[in-house]
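Subject: Structure handover

Hello,

Here is the structure I promised to pass on. Please open it alongside this note, and then read on for what turned up.

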Amino acid sequence: MKNLTTLASMSMGLVACFWLQSCAQSPEVATQLTDQLQGKLVLTGSSTVAPLASEIGKRFESENPRVRVDVQTGGSSRGIADARQRVADIGMVSRDLKQSEKDLQGFAIARDGIGIIVHKTNPVQSLSNQQIVDIYQGKIDNWQDVGGKRAPITVVNKAEGRSTLELFLKYFQLKNSEIKADVVIGDNEQGIKTVAGNPNGIGYVSIGTAEYSSKQDVPIKLLPVAGIAATTENVQNGTFPLSRSLTLVTKTIPVGLDKAFIEFSRSQKVQDIVTEQNFVPLEE
């Protein structure tokens, strides 16, 4: 009986010891759990920014296992609208915010350019700004008129609501109603696939996306704009005339998970991702 009493006392002592250790550690454990980011983050908008945001999101998730990042496309106009209406936590816009959008908060994460693309087999090596305008207005409708083969030009234009369209129109001083398009596409990938599948096509897309596609042996090539080669390097050094910021947008000053993701997206932790996707990293 004495032995049983002794064993019982020892067991109670061990339980008490473990309980005290647990109590001693629990504030730290609780703090760690509280400090961990958690929840779902929804981003919508620009098809140019989306692939970059997706890769950044994967790395962000790996560092924060209790977070999920959902990236959806739909164009910069959707990014603006969804951020305004709080349908999305963060909007994606492939340009700077306009004066009429100053009610929103914008945070650049990289830079990109807009380039003119034709099929890789097209013998035309360059077009003047006026020739591009004339092609898009239907005044020039055959490649032989600009030094190419005798073949009708297939004009590929962007759909309304795409910032790439807005910047293209602004730079070439065009109105969308003036454009005589044969094909209207949404995102960059559609534009690239359309021109890659049509030796007579011409379009305009993200330089970063086009360079990446070219490296994957997609049969397209970028033409110079105003005599400047359409390259990420020239976007970076400021010589290419048609460039823009890739921007994350929120309704109000970001806090919590939104703030953490935006800061992560602008940090040195993701600059390799930006470079791999042929965009220009933010300056240090």
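Of the 284 residues in the protein chain, 46% are buried. Bear in mind that this is a predicted model. The chain's secondary structure comes to 10 helices and nine strands. Take the contacts between residues at least 6 apart in sequence: 74% of them join residues at least 24 apart.

Start with strand β1, residues 39-45. Five of its seven residues are buried, so β1 is largely enclosed by the rest of the structure. It has two partners worth a look. With strand β2 (residues 67-73), β1 pairs in the parallel sense over seven bridges. Leucine 43 stands opposite valine 71 there. With strand β3 (residues 90-93), β1 also pairs in the parallel sense, over three bridges. Here glycine 45 faces methionine 92. Helix α2 (residues 49-63) belongs to this picture too: β1, α2 and β2 make a right-handed β-α-β unit.

Next, serine 94. It sits in the loop between β3 and β4. Its relative accessible area is 1%, under the 20% cut-off, so serine 94 counts as buried. Its side chain makes a polar contact of 3.2 Å with that of serine 46. Leaving out residues up to four places away in sequence, serine 94 touches several others, among them Thr48, Ser76, Ser163 and Arg244.

Now the charged pairs. The structure holds 10 salt bridges.

- Aspartate 272 and arginine 59 meet at 2.8 Å, N to O. The pair links distant parts of the chain, helix α10 and helix α2, 213 residues apart. Aspartate 272 is partly exposed at 33% relative accessible area, and arginine 59 is partly exposed at 28%.
- Aspartate 82 bridges to arginine 78, with the closest N and O atoms 2.9 Å apart. Both lie in helix α3 (residues 76-84), four residues apart, about one turn of the helix. Aspartate 82 is buried at 8%, whereas arginine 78 is partly exposed at 29%.
- Glutamate 101 bridges to arginine 95, again with closest N and O atoms 2.9 Å apart. Glutamate 101 is buried at 6%. Arginine 95 is buried at 5%. Salt bridges that share partners join Arg95, Lys98, Glu101 and Glu166 into one network.

Over to you.

Best wishes

How values were computed. Residues numbered from 1 in each chain as written. Predicted model: local features only at pLDDT ≥ 70, side-chain atom pairs only at ≥ 80, totals over all residues. Heavy atoms only, no water. Buried < 20%, exposed > 50% of the residue type's maximum accessible area, 1.4 Å probe, protein only. Helix = DSSP H or I, 4+ residues; strand = E, 2+ residues; numbered from the N terminus. Pairing = 2+ DSSP bridges. Right-handed = clockwise from strand over helix to strand, strands pointing away. Polar contact = N/O pair within 3.5 Å; in protein donor to acceptor, adjacent residues only side chain to side chain. Contact = heavy atoms within 4.5 Å. Salt bridge = Lys/Arg side-chain N within 4 Å of Asp/Glu carboxyl O.
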